[in-house]
Amino acid sequence: MLRNTIKELSTTILNNQSDFDTIKNTIDEIHTHYLETTNIRDLGDGMQHMAAVPTASGMALSLNHAAACLLDYRRTAKFLDGMVTLIREKQQQHPNETINIFYAGCGPYAPFITLVAPLFKASEVQFSILEINASSIKMAEELINALELTEYVTAYHNADAVTFQIPDAKKYHILFSETLDALLYRESYVPILWNMLPQISDNCAVIPNNVIVQASLTYPQKEGEDTRKEKEAAVILDVREAVKVNDGTKSLPQSFEPITINLSGDEKYHTMIVDTKVHIHNDIWLHRNESSLSIPLEMEIVYPLEAPNVTFFYELKPSVELKLQN
Ligand SMILES: C[S@@+](CC[C@H](N)C(=O)[O-])C[C@H]1O[C@@H](n2cnc3c(N)ncnc32)[C@H](O)[C@@H]1O
């Protein structure tokens, strides 16, 4: 039974978190099974499967690009670890209750149900799935049925998570939404949390728990030093802090408060690095360069400075992206 094979492969990933080769080989094997089970390969490069889908704020990935996320190996392994750990914690906190999970943005492989559900009984975990891309949710449903995981799914919604009103929202123990890219570019994690956090219960845990966009400054490398020294300069955006102001009555702002970094002074720097620090759960983070989500942006600082101040702000309308002004 394919479900049991996936359960074994999932367990291998969980038991080998620090062994990249094992993680990669195991996820590649899962991918081969998913390719065989879905008709995704036959869809080829057809425009409709390559084109991003606009949401009320931000863009959602095409079916093909969303499928490819599975192969972001450390990302998939760490999110899987975070999700399974969190479900077990919730089971401790709520003994004998079914743990209800709202999965916003599942993509065609819905990995955080298809890799997670086989580790539990359907009486232990129930998923509600939301996805804006109609082809992706259709394929996810086909894969879930083929893996005989149908009984783990309470509901499918083909809708926009930025505006969706979650039915019976307070019943959820976990909200899962990996709808982000490095620098929180374009995808709708921030507007999704803005919309959904006020709807769910205060005790509902979120994965990823937070994303922090942070600027650091590096110093010119001195002779004899292996690496360049660096110091933290500023938190540009702490998503959970920024969305906290919405109690459910506020509409999404044009942008969040700007942050200015002043580069004048006696110290000379080499570059400014902007990191996307993804806090998945507990002590599980995606660190710099571990995943496509945590690729840093590095900018050279050229002296004499034309302008000593660099101002960053996260724009939500008309497009979703970090902007820089100097
Ligand atoms: C980065 S992919 C991740 C797919 C899968 N969950 C995974 O982790 O491999 C994000 C998925 O969320 C969907 N998505 C993005 N924004 C959305 C929105 N506003 N409403 C519903 N789905 C959205 C995209 O279509 C895409 O399938």
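**Ground rules.** Residues are numbered from 1 along each chain as its sequence is written. The model is predicted, with local features needing pLDDT of at least 70 and side-chain atom pairs pLDDT 80 or more, while totals for chains, interfaces and linings use all residues.

**Overall.** I looked up the elements and found 10 helices and 15 strands (DSSP runs numbered from the N terminus: H or I of at least four residues, E of at least two). The radius of gyration, taken over C-alpha atoms, is 21 Å, close to the 20 Å of the globule rule for 326 residues, so the protein is as compact as a globular protein of that length. That rule is 2.2 Å times the number of residues to the power 0.38. Along the principal axes, the C-alpha atoms fill a box of roughly 65 × 50 × 45 Å.

**Sheet.** I traced an open sheet of 5 strands, in the order E5-E4-E3-E6-E7 with parallel pairing (strands pair if DSSP finds at least two bridges between them). Its edge strands are E5 (153-158) and E7 (205-207), each pairing on one side only. Strand E3 (99-104) is joined to strand E6 (174-176) by 3 bridges. I checked Tyr-103, and its bridge partner in E6 is Phe-176.

**Ligand.** I listed 26 residues around the ligand, and Ala-60, Ala-66, Gly-105, Gly-107 and Ala-161 come nearest (a residue is near if its C-beta atom, placed from the backbone, lies within 6 Å). Helix H7 (111-114) and strand E4 (125-131) are the elements that give two or more residues to this shell.
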